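Dear colleague,

I am passing on a structure for you to look at, with my notes below it. Please read them with the model open beside you.

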Amino acid sequence: MRIRINFCTCCMVSLLVLSFSLQAQSSSDGLAAAAQKGDKVAFQKLLTLGERGTLSAEFNLGFLYQHGEGVDKDAKKAAEWYQKAAERGHPSAQYNLGGMYLRGDGVEKDLVMAYFWRKIAAGDEDEQSAGVSAIAKKMTSSELSKAKKAVKNWKPRR
């Protein structure tokens, strides 16, 4: 009976944590939509969530800065926020960050990093849609080897 109570308690705690996580994501998306329209209070709340490590807030901040929606356009800040979310496994942040490395937008142009982030974003899915094949064609064999090794060894930060 005692094991059952502990198991049930663990399940309830897990559900509460999951519920809070989903609320934070939903809240982040709503704040991003408001911030996009110039709501400074919403932006500050989104920034606070991002600084606390809310994954969707990190991505949304990257998006807002990249496109200059509700904030001044700032490619460097966009790349920094995308980097945080990308390292933690956010596929859209990974894809966008890869594009920034491909263009040298807010970061130094780097085909290895462009390939790396686009390949991580694509996972086992269609590399063509992520532009991975096109990037690979621009790379030297040494660069491609380095990028593939990095992809193979990559683990998301938690």
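A polar contact here is a pair of N or O atoms within 3.5 Å, where, within protein, one must be able to donate a hydrogen and the other to accept it, and residues adjacent in sequence count only if both atoms are side-chain atoms. At the start of α4, such a pair is formed by a side-chain oxygen of Asp74, which comes within 3.2 Å of the backbone nitrogen of Lys76. Helices are DSSP runs (H or I, at least four residues) and strands likewise (E, at least two), numbered from the N terminus.

Please keep in mind that this is a predicted model, in which local features need pLDDT of at least 70 and side-chain atom pairs count only at pLDDT 80 or more, while totals for chains, interfaces and linings use all residues. Residues are numbered from 1 along each chain as its sequence is written, and side-chain values use heavy atoms, with hydrogens and water left out.

The chain has 9 helices and 0 strands, and 38% of its 158 residues count as buried (under 20% relative accessible area, with exposed meaning over 50% and partly exposed in between; 1.4 Å probe, protein chains only).

To stay with α4, this helix has 13 residues, and Ala78, Ala79, Trp81, Tyr82, Gln83, Ala85 and Ala86 in it are buried,. The cover over these buried residues includes α2, α3, α5 and α6, and just after the helix Gly89 takes a positive phi of about 105 degrees.

Leaving aside its neighbours within four places in sequence, Met139 is in contact (heavy atoms within 4.5 Å) with Leu111, Val112, Tyr115, Leu144 and Ala147.

Ser28, whose place is in helix α1, is buried with a relative accessible area of 0%. The side chain of Ser28 makes a polar contact with the side chain of Ser56 at 3.2 Å, and also reaches the backbone nitrogen of Ala57 at 3.0 Å. Beyond four places in sequence, Ser28 is in contact with Leu46, Leu49, Ser56, Ala57 and Asn60.

Note on methods:
The expected span of a helix is 1.5 Å times one less than its number of residues.
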